[in-house]
Amino acid sequence: MNSNLGLYIHIPFCVCKCAYCDFYSLPLNGDVANSYINKIISELNRWGGILGCPPADTLYFGGGTPSLVKSEQIKTVIEKAKELFVLKDAEITMEVNPAENLKEYLCEVAAAGVNRLSIGLQSANDDELKILSRRHTVSDVIKCVKEARGAGIKNISLDIMLGIPNQTKESLKRTIDLCLECQPEHISAYLLSLEKGTPLYNKSSELNIPSDDEAVELYLYAAKLLKNAGYERYEISNFAKSGKTSRHNTKYWQGVDYLGLGPAAHSCLKGKRFYYDRDINAYLQNPKEIYDGVGGTAEERLMLSLRLTSGLSLKAFEKEFPDILNQNIINRLAKKAELFAKNGLVSFDGDIISLTDEGALVSNSIIADLAELL
Ligand code: SF4
């Protein structure tokens with residue numbers, strides 16, 4: 001397992017709020033953005049000092065809309081991160097909004113070191129994009145992918161959404177067909193979650209939202225189409241061509257240390273989890289870590305490993321937590337896994353428990369049932 005540090009930088013600016021979005025973001029203000037990037041640089045310096053500058057091999061600009069800040073600012077952050085955390089052969093990802101005109105911008109950030117893009121497609125149906133109040137159109141996405149390739153970016157991920165109001169298997173197929181036409185290396189397919197307080201949540205009673213059963217159908221259908229096209233599911237919602245899994249996100253699921261900077265960013269360092277408040281002013285004045293638990297517990301290892309298709313090895317699990325796990329517990333876990341396997345929810349070879357596509361849909365209850373035995 002790769003144990004190099006992962007770095008995450010939250011860029012909390014968006015042109016406007018999408019109807020379903022609960023991420024922390026606010027309208028872009030040039031002066032605030034300048035101060036913010038300066039703060040990120042000083043925080044990189046501060047954390048470099050605290051941690052003793054361990055090597056990192058991923059840097060992820062998430063948001064918000066990272067492509068709203070100037071390319072020189074992205075370059076400054078990358079250079080500082082390189083100076084402090086090496087970033088040798090690093091995966092440097094940036095989320096972009098295809099609604100922006102990014103042709104030159106992509107060349108500039110690629111020259112600065114960005115080598116992976118995550119593009120929010122969500123749907124190839126303009127009526128579904130409208131319901132989500134996304135600003136881009138389908139043709140914007142095609143253009144963005146072409147421009148990214150033109151800029152020399154070889155690693156592209158497209159985000160699609162399942163369970164959008166009015167979505168059908170036919171409309172989902174159009175979305176996946178468009179993905180396949182774009183030939184990204186990676187595809188994330190997340191089920192729409194209705195977050196309290198968002199405009200979509202507030203008017204959900206008026207919308208034709210796919211039922212739980214319909215959402216299950218959509219997920220299984222997407223998984224099948226993607227598998228047939230050569231994209232292996234390696235995590236509940238993530239699919240990739242061979243060798244193109246997200247190195248950064250995999251750190252979260254493998255329990256590798258990561259440092260997240262910016263309001264609402266989360267970190268896990270040496271077994272300690274913390275985050276920053278969703279408040280840019282507080283962050284600009286004095287970023288305060290809010291500690292919220294212990295990382296690296298047996299329960300967490302079980303939960304995170306099962307998200308990954310590589311699954312949980314009972315042998316490795318027992319070896320990692322000898323004080324907590326004994327043969328009795330391992331036997332009970334194996335028995336339970338056999339039961340799930342009979343119902344087609346996991347595959348189990350006597351050592352490795354891994355969720356099937358059907359099991360991935362009820363991952364929470366499977367994980368809770370197994371965790372109960374610890
Ligand atoms: S662009 Fe992304 S972060 Fe911004 S409001 Fe829309 S979904 Fe949220």
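The model you are looking at is predicted. Among the residues around its ligand are several cysteines, including Cys 14 and Cys 21, yet the structure has 0 disulfides.

**Around the ligand**

- Sorted by class, the shell holds 5 nonpolar, 3 polar and 2 charged residues.

**The cysteines**

- How many disulfides are there? The count is 0.
- Cys 16, for one, is in no disulfide, and the nearest cysteine sulfur, in Cys 18, is 6.2 Å away.
- Cys 16 counts as partly exposed because its relative accessibility is 38%, which falls between the 20% and 50% cut-offs.
- Now look at Cys 182: its closest cysteine sulfur is in Cys 179, at 6.8 Å, so the two are too far apart for a bond, given that a disulfide needs sulfur atoms within 2.5 Å.
- Is Cys 182 buried or exposed? Cys 182 is buried, because its relative accessible area is 11%, and buried means under 20%.

**A residue in helix H9**

- You can find Thr 250 in helix H9, which covers residues 247–254.
- With a relative accessibility of 13%, Thr 250 counts as buried.
- Which residues does Thr 250 contact, leaving aside its neighbours within four places in sequence? They are Tyr 234 and Thr 245.

Methods. Residues numbered from 1 in each chain as written. Predicted model: local features only at pLDDT ≥ 70, side-chain atom pairs only at ≥ 80, totals over all residues. Heavy atoms only, no water. Near = heavy atom within 4 Å. Nonpolar A, V, L, I, M, F, W, Y, C, P; charged D, E, K, R; others polar. Buried < 20%, exposed > 50% of the residue type's maximum accessible area, 1.4 Å probe, protein only. Helix = DSSP H or I, 4+ residues; strand = E, 2+ residues; numbered from the N terminus. Contact = heavy atoms within 4.5 Å.
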